[in-house]
Amino acid sequence: MASLSYQIPDADRPKRVMRIPESHALYLCPNACGRRQGIRALRNGIADHVSFLRLTQADVISGEHERQVGNAVEELLATLRPRPRVVSLYVNCIDDFLGTDEQQLLDELRERFPDTRFLLSHINPIAADVKRSTARSIHTRLYEALEAPAAHDSAVTLVGHFEPLDAHGEFFEALQASGTAEVREIVSCDTFDAYLQLACSRFTVSLSHMGDGAADALEQRFGIPFQRWHACYDLAEITARYAKLMQALGGAWDGAAWRHRAERAVIETRAAVGSLPVAVDSAASLMPFSLARTLLAYGFNVVAVFGLHLKGCDDEAERLLADEHPEVAIVRSESYEALSGFALPSRCLALGRDAGFLLRAHHLVDIYHDEGYFGYHGVIRLMDAMAHEVGRVRDWGA
């Protein structure tokens with residue numbers, strides 16, 4: 001018997017697509033798969049940077065699609081102005097059945113068009129293993145067009161995110177104290193030459209599971225060490241991570257003033273929120289169980305975690321939460337039956353739009369995947385948002 005499920009609308013949030021400056025994307029896929037990518041390109045205003053090679057049933061059966069790729073690339077390079085310096089090929093999950101020899105295809109393209117770099121990524125939305133996920137794989141491939149630098153400078157490269165870090169945060173102050181002259185991010189690169197500078201940095205910080213593969217590849221290829229700094233709102237852990245970072249960079253930074261501000265923000269927000277139930281969801285944070293455990297430790301009344309879109313990078317925290325706080329509901333389905341079984345209240349503060357929509361929460365902090373929330377500044381920003389939202393009631397309409 002089919003169950004009733006909610007389709008969670010979020011039309012106002014653009015779906016960001018990461019790209020190398022001066023590159024062009026060529027999607028190799030059937031019509032149905034390409035339609036979604038085409039709509040996304042139009043909505044994000046990047047349609048000029050995207051093309052499609054439509055695969056027919058006859059192409060799939062005959063293997064003719066491989067020959068067509070080279071001809072399509074030739075047409076693109078002859079037509080596009082300015083001529084792209086990188087062509088990124090994206091193949092959908094149909095290629096898992098076709099068995100295209102990816103390396104041979106890339107070798108042929110590179111030999112035929114020696115002045116152009118070529119990358120190839122798989123779009124497989126059903127890949128459950130976090131190490132093979134589409135997001136991580138595509139993000140890692142973005143750095144494959146880099147070249148070995150003549151020397152490394154004092155800069156630090158950030159990977160694994162879609163939005164630049166807030167310049168008002170303490171992270172840049174800490175890096176400056178360590179002698180870091182520049183912070184590089186692919187999301188801030190305007191030119192291909194600026195992109196190439198990413199390989200010149202002396203250190204990499206991975207901000208999420210998406211960036212771990214890229215950070216590891218940069219270390220393997222160019223000898224650039226890295227540190228994982230996935231989403232964290234635990235002040236003690238943030239302090240420990242800064243100590244580790246300063247040790248790696250050979251610097252010293254006193255973050256006591258920033259930590260004190262964050263501690264004060266937690267105390268004030270806890271008083272403002274009081275006993276109001278709090279629901280955390282995986283749309284808000286890539287580490288929702290870690291966030292829930294931290295909020296519980298701060299004294300907030302966390303009643304549920306919505307794990308609707310888990311990335312496999314917070315499994316240990318999920319286990320610990322279930323052991324330490326069995327009273328906290330863990331919701332893994334949008335179905336009506338799942339929600340009604342937990343009897344969760346609408347009078348609550350939801351962190352993340354999925355939980356907010358499903359519960360018709362009176363209060364909503366609409367953050368997405370921790371973007372813009374980093375370090376002590378991220379904790380302060382989250383607390384300020386929570387305190388602000390409990391002062392107004394969300395209108396979800398009819």
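User: Which residues of helix 9 are buried?

Analyst: Happy to start there, with the reminder that this is a predicted model. The buried residues in helix 9 are His209, Met210, Gly211, Asp212, Gly213, Ala214, Ala215, Leu218 and Phe222. Here is a general idea to keep in mind: an α-helix has 3.6 residues a turn, so residues three or four places apart point the same way. With that in hand, look at Ala214, Leu218 and Phe222, which are among the buried residues of helix 9.

User: How many residues does helix 9 have, and how far does it reach?

Analyst: Helix 9 covers residues 209-222, which is 14 residues. From its first C-alpha to its last it reaches 20 Å, close to the 20 Å expected at 1.5 Å a residue. Just after the helix comes Gly223, with a positive phi of about 70°.

User: How do I read the packing of two helices? What is the angle between helix 3 and helix 5?

Analyst: Look at the angle and the distance between the axes, then at the residues that meet. Helix 3 (residues 65-79) packs against helix 5 (residues 102-112) at an angle of about 30°, and their axes are 11 Å apart. Angles under 35 degrees count as roughly parallel, and helix 3 and helix 5 are therefore roughly parallel to each other. The crossing of helix 3 past helix 5 is right-handed. On the helix 3 side, Glu66, Val69, Gly70, Asn71, Val73 and Glu74 take part, meeting Leu105, Leu109 and Arg112 of helix 5.

User: Is the crossing of helix 11 and helix 16 left-handed or right-handed?

Analyst: Helix 11 passes helix 16 in a left-handed crossing. Helix 11 (residues 256-273) and helix 16 (residues 375-389) have axes 9 Å apart and pack at an angle of about 20°. Residues of helix 11 including Trp258, Ala262, Ala265 and Thr269 meet residues of helix 16, among them Tyr376, Ile380, Met383 and Ala387.

Methods: Residues numbered from 1 in each chain as written. Predicted model: local features only at pLDDT ≥ 70, side-chain atom pairs only at ≥ 80, totals over all residues. Heavy atoms only, no water. Helix = DSSP H or I, 4+ residues; strand = E, 2+ residues; numbered from the N terminus. Expected span 1.5 Å × (residues − 1). Buried < 20%, exposed > 50% of the residue type's maximum accessible area, 1.4 Å probe, protein only. Axes fitted to C-alpha atoms, helices over the stretch in contact; angles between N-to-C directions. Parallel < 35°, antiparallel > 145°, perpendicular 65-115°, else oblique. Left-handed = near helix turned anticlockwise from the far one by under 90°. Contact = heavy atoms within 4.5 Å.
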